[in-house]
Each structure stands twice: as C-alpha cells, then as structure tokens.
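Subject: Structure handover

Hello,

Please find the structure below, followed by my notes on what was found in it.

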Amino acid sequence: MAVYAIAFIAYAIDLARRSAASARAADAAAGGPTESAGVGSVAADREPALQGAAASGGRTTTAPPRAARTPVGRGRGGSGSAPSVDYGRSPSLRVAVAMTVLAWVLHLSADVLRGIAAGRVPWANMYEFALTGTLVITTVFLLVLLIARTDLRFLGTFVTGLVLVLLGVATVNFYVSVVPLPPALQSVWLVIHVFVATSAVGFFALGFALSVVQLMQSRRESIAATADAVKKSFLATLPDSTALENLAYRVNIVGFILWTFTLMAGAIWAEKAWGRYWGWDTKEVWTFIIWVVFAGYIHARATRGWRGSRSAWLAIIGFSAVLFNFTVVNLFFKGLHAYSGL
C-alpha cells in the first residue's frame, strides 16, 4: 500500500504538471507571454519577422512565438484544447509507472503467499477476493499500457487511487485468518468461476476510470469556448471525450464477456452444489442485475442518441453495482453465497 501511495502521488504530480504546461501553451497560443517567456523573449520571436518585412517591401509575416511551437506528445487534447507537449518523458510519470510495477510485484507476492498459506487459491472470502481483485485491476491497467496505442498513463491517478482505497478497506475491515473451505467451495469451479469474475471486475474498473475522465473531458469541451480556465486544465492534454468513450466501450466489452461467463459458470456450479441452476439467491440476483446493466450499456452505446455522457453514466452505474454486490450484499444480506468469512 505504501508503494501504491507513492505511485498515486507521482501520478498526481504529473497531472499538476500537465495543468501548468497546458496553461503555458494556452497563453502562448493566445499570443501572450508565458511564465517561461517574458516580454523580451516574445519580442525576440517577432524580430525576425520584422526584419523579413523590411526585406520584402513592408509585408509583415509574423512568426508564432517559440512556445507555441512545442512538439506535440502522445497525450493530446480534444477540440478546443491548447497545444500539448511530449509527456512521455516526464520524470514523475516514469517514476509513477515504475512504482506501480514494483507495487504490482509486491502485491502478487502477497497474493501468492496467502494462497500458499491457505493451501488453495486465494479468493475464498472477502479479504482474499479484495486482495486478488485489486491485483487484477493493476494487472489489467499495466497490460493496457503495454498494448494500447493511446498513452493511458494519465489513468494512473484513478487506478492506483481506487486500488489503494480498496486495499485499505479490505485490510482494516475484511481481514480474516486462513480457515478451511466450506463444502460448497471445495470445487474446481472456485478456481474458474471466481477468477473469471475478478478478471471482469478488473476490466470494469478500468472502464469506470475511463468513463469518469470522459465525463470530465466532455464538460471541459462544452465550456472550453467561453471559459479560459478550462483551457489550462490537465484535461486539455488528454484524448478527447469521443476517444475516451471508445476506449471505455472496448474495455467494458471484454469485462461484459467475462461477466457473462461468470454468470453461466455460477449457474453450473450451483447445479452441482445445490441441485439447481437458479434459486433467486441475493448474490445470484445481483450478479444478474450487473449483467443487465452492462448489457443495457452496450445496447445503449450502439444506439444513436445514447452515446456520450449517457453511456458513461451507465458504465459508472454498472461498476457501482459491482462494488455494491461485493460489499453491501456480502455483509448485510444472508444467503447461500454468504462466504465473506466475517
């Protein structure tokens, strides 16, 4: 958790630097001096243009200030955003990613050691599921960083913050010692069903983070033409809301496929353990509700008029239902799936 906290701080510093760089770029694009370029430097930029005007018979060809010609990096803003810079070489960002990888290694070691101590897979109660689930969230995030064409390291603040909060809650409130498995859990389906469920949660969490940033970006874009302050936000350096929505949709599609298998595998396991595929148990009902919400999200996303903020809110509601299912349902509802260990 300490290493995750360091990564979270480093990601937050990167966002702060993005805001400062966006403000400088916005000032330069407006033709005003920036923090790093005073009146003298602006005048120096204009001097070659004046000399050229004298040589060309008075025609003035004004060159833009040097600050406005900063190379564009991979993190680009949407419509109306100020010119961006190359954030790939940001020291704080590289430290953040390195700390995330180190935290992932320590997290994986803790999860493996818990499984060795228990003599089984480490996801048989709420504490172990939280430990493994947050590990999967970080794993999905790091894998997406490797394979995605878009630089998504700006999501690190949201992902590491979420993992840090969930790990803290699990450690303080959900921790239990290793105990033998109940008879119903002594099945190979514990490995298959729960692992696929945690994988789905990992993708849903990343889709949730993308949807939150999408809503923030969409709001910025809607007022960027009238509010100068939003042009100087770190959001101006990120992909536009449409690109974020497309990324969230792809990630949530993978999570939905995994959750569909989770629902099917749970029914098969229920038939083997209790002799019926479906019994309207509270956990079964909420698993189905989550499936319906994300099915509605996918359908709405494919329907014209339900793109943008509406689909983002559906994705956020879906992940909120996942968290409700994991916490409130496990803690306060009784049923055949009451395996919280508390």
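Setting aside its neighbours within four places in sequence, Asn325 is in contact with Lys283, Trp286, Thr287, Ile290 and Asn330, where contact means heavy atoms within 4.5 Å. Asn325 belongs to helix H9; helices (H or I, at least four residues) and strands (E, at least two) are DSSP runs, numbered from the N terminus. With a relative accessible area of 5%, Asn325 is buried. Buried stands for under 20% relative accessible area, exposed for over 50% and partly exposed for what lies in between (1.4 Å probe, protein chains only).

Before the rest, the basis of the values. This is a predicted model, in which local features need pLDDT of at least 70 and side-chain atom pairs count only at pLDDT 80 or more, while totals for chains, interfaces and linings use all residues. Residues are numbered from 1 along each chain as its sequence is written, and side-chain values use heavy atoms, with hydrogens and water left out.

The largest pocket has a volume of about 880 Å³. It is lined by 45 residues, and Phe129, His193, Val194, Lys283 and Asn330 lie nearest its centre. Two or more lining residues come from each of helix H4 (126-147), helix H5 (156-174), helix H6 (189-223), helix H7 (241-274), helix H8 (282-302) and helix H9 (309-332). H7 gives the largest share of this lining, nine residues. By type, the lining residues of the largest pocket are 31 nonpolar, twelve polar and two charged.

On the terms: the search runs on a 1 Å grid over the protein atoms alone; a cavity is a set of points where a 1.4 Å probe fits but cannot get out, and a pocket is an open set with protein on both sides within 12 Å along at least five of seven lines, with lining residues having an atom within 4 Å of a point. Grid points are joined across faces, edges and corners, and a volume is the space filled by probe spheres set on the points. Ala, Val, Leu, Ile, Met, Phe, Trp, Tyr, Cys and Pro count as nonpolar, Asp, Glu, Lys and Arg as charged, and the others, Gly among them, as polar.

Nonpolar core

The largest nonpolar core has 68 residues, of which Phe154, Leu155, Leu190, Leu206 and Leu210 touch the most other members. Such a core is a set of buried Ala, Val, Leu, Ile, Met, Phe, Trp, Tyr and Cys residues joined through side-chain atoms within 4.5 Å. The largest share of this core, twelve residues, is from H6. Not counting residues up to four places away in sequence, Leu210 touches Leu152, Leu155, Leu244, Leu247, Ala248 and Val251.

Salt bridges

Six salt bridges are found in the whole structure, each a side-chain nitrogen of Lys or Arg within 4 Å of a carboxyl oxygen of Asp or Glu. Among them, Asp14 pairs with Arg18 (2.9 Å, N to O). Both lie in helix H1, four residues apart, about one turn of the helix. Asp14 is buried at 2%, and Arg18 is buried at 2%.

Glu128 and Arg120 form another (2.7 Å, N to O), and Arg114, Arg120 and Glu128 are linked in a network of salt bridges. Glu128 is buried at 0% and Arg120 is buried at 15%. In the salt bridge of Glu284 with Arg276, the closest N and O atoms are 3.0 Å apart; both residues are buried.

Backbone

Trp280, in the loop between H7 and H8, has a positive phi of about 55° although it is not a glycine. Trp280 is exposed, at 63% relative accessibility.

Regards
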